[in-house]
Amino acid sequence: MRPAPTILHLDMDAFFAAAEQAAKPSLRGKPVVVGGVGVRGVVSTASYEARVFGVRSAMPTAQARRLCPNAAYLSPRFTLYRQVSDVVMELLHALSPLVEPLSLDEAFVDLEAGGVPAETAAVRAVGERLRRDIRSATGLTGSVGLAGAKMLAKIASEAAKPNGLVVIEPGTERELLGPMTVRTLPGVGPATAETLRRAGIHTVAETAEAGEAELVRLLGRAHGAGLYAMALGQDDRPVVAERDAKSISVEDTFEVDLTDRMRVRNEVLRLADRCVQRLRAAGRSGRTVVIKVRNYDFSTLTRSETLRGPTDDPAVIREAAVRLLETVDTTGGVRLLGVGVSGLADFTQEDLFAQAATEREAAEAATAAAVEQAAGEREPHEAEEERPRRWYPGLDVVHDQYGAGWVQGSGVGRVTVRFETPWSAPGRVRTFAVEDPALRPGEPLPLVGGAPADGQSSEPAILPKFLSPEPGDTGSVGEEISRR
């Protein structure tokens, strides 16, 4: 444990939804939900305005629509989110060489490695400056936690949300953690929490009082010992600049259950190819092929096969995925399929004993590709004309006459577009035929590039937790933590 709060945890506030609000002036201050918009969709991020209605991440979109029917439901735009994330990560790397990204919108930073004095006033100043720089560079807000350990820094940033900063002084960890629910501790999911609940353990203080021996008996040696140390506020995990991926995978959820066995097989082959593309883009190979099948009743099965050596050969991975699929009964209907590769390595090893089916499948695929290419050469516009355009809510578009905008909705052969930019006033809405030649997909515009319109603030609608006192209180949790 460090004697000063020199570990910083940054968590962008409702990142995907906030980026959409910043990009779309008409949505600022209104409920926004980003995720799958179909009947099988899942919420990825909800704005704070939508959270008031009970909408949460990982919730089925259908349930979110019932809770908050007037929200804007948008498809994710990962190109934009990655662009913003790159800007934020550059700001973090300017603070220290030790930056540990956890996702596009979250990271740990070791300020001590960046030469920041081990003093509370100094690290607080760095955290405040970081928040200002992020707002200036991206137009978005982030919450910052500062503590002497990674676990505590993350707890502090959660207490600071949204758009705040909380410092936990070393020496106050047990007093702070004691009354918190045991789910606050890293590694405590629903199953572990239920095991502890049956043993009468509900809070972090009760976890510490149970003792290491009891926790080991309940949870096993590694998990029990680690949980006991964290309940005491002890976390000596360092900030690691490079996090090595353990697996690479892709998956798709289908709007309608797949019941045709050949369709399921073709989807697995397609996912295997996408997985190989990601594998090669990362410069990796893998030894274990895994498939994931979620049935109509939400039961989820996984099957895996370990090859003789690591490979990035698409034919080998396709063949293994199909073999695994043959061991799963899909007759009842499949709602989700996934293909992944684990046991990653930085080299490949030829599988000299691959089955003849591998070569046959590869040859068939090559033949099919050649036929498709020949057909495309004979009639270059036919395929494009036969495939209808799909305009997803939130998609960037450009119109020859009206300029840049985004899809507000589509259906029955029409698409509704709102024409506005991140730095304009809320724009007008116009409707076009889905095949209108003047309308085409566009690219995300930068969130910061012009003066925002008067009255179009993108500030969060809800005060941070540390600025929202309980009824009858004159202080706040965050202020109390900071004073310590």
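Strand and helix names here come from DSSP runs, numbered from the N terminus (helices are H or I with at least four residues, strands are E with at least two). Two strands count as paired if DSSP finds at least two bridges between them.

Before going on, I noted that this is a predicted model, where local features need pLDDT of at least 70, side-chain atom pairs count only at pLDDT 80 or more, and totals for chains, interfaces and linings use all residues. Residues are numbered from 1 along each chain as its sequence is written, and side-chain values use heavy atoms, with hydrogens and water left out.

**The sheet around E1**

I checked what faces histidine 9, and found glycine 145 of E7 opposite. Then I followed the whole sheet: five strands form an open sheet with mixed pairing, in the order E5-E6-E1-E7-E8. At the edges I found strand E5 (99-103) and strand E8 (165-167), each pairing on one side only. From one strand to the next, the twist averages 15 degrees. A reminder to myself: strands of a sheet pair through backbone hydrogen bonds, either parallel or antiparallel.

**Glu106**

Which residue does the UniProt annotation "active site" cover? The record, an unreviewed entry, puts this annotation on Glu106. UniProt positions are given in the numbering used here, feature names are shortened, and annotations may be inferred rather than shown by experiment.

I located glutamate 106 in strand E6 (residues 106-110). Is glutamate 106 buried or exposed? It is buried, with a relative accessible area of 12%. (Buried means under 20% relative accessible area, exposed over 50%, and partly exposed in between, using a 1.4 Å probe and protein chains only.)

Next I listed what glutamate 106 touches, leaving out residues up to four places away in sequence: His9, Leu10, Asp11, Met89, Pro101 and Lys154. Contact means heavy atoms within 4.5 Å. With histidine 9 there is also a polar contact, side chain to side chain, at 2.8 Å. (A polar contact is a pair of N or O atoms within 3.5 Å; within protein, one must be able to donate a hydrogen and the other to accept it, and residues adjacent in sequence count only if both atoms are side-chain atoms.)

**Helices**

I looked at how helix H1 (residues 15-23) packs on helix H4 (residues 78-93): the angle is about 100 degrees and the axes are 10 Å apart. That makes H1 roughly perpendicular to H4. (Axes are lines fitted to C-alpha atoms, for helices over the stretch in contact, with angles from 0 to 180 degrees between N-to-C directions; under 35 degrees counts as roughly parallel, over 145 as roughly antiparallel, 65 to 115 as roughly perpendicular and the rest as oblique.) From H1, Phe15, Phe16, Ala19 and Glu20 meet Phe78, Leu80, Tyr81, Val84 and Ser85 of H4.

Then I turned to helix H6 (residues 150-160): eight of its eleven residues are buried, so the helix is largely enclosed by the rest of the structure. Among the buried ones are Met151, Leu152 and Ile155.

**Two hairpins**

Last, I traced E13 (residues 396-399) and E14 (residues 403-411), which run antiparallel and are joined by four bridges. The hairpin between them goes through three residues. E14 also forms a hairpin with E15, with two residues between them, and valine 412 in that turn has a positive phi of about 45 degrees.
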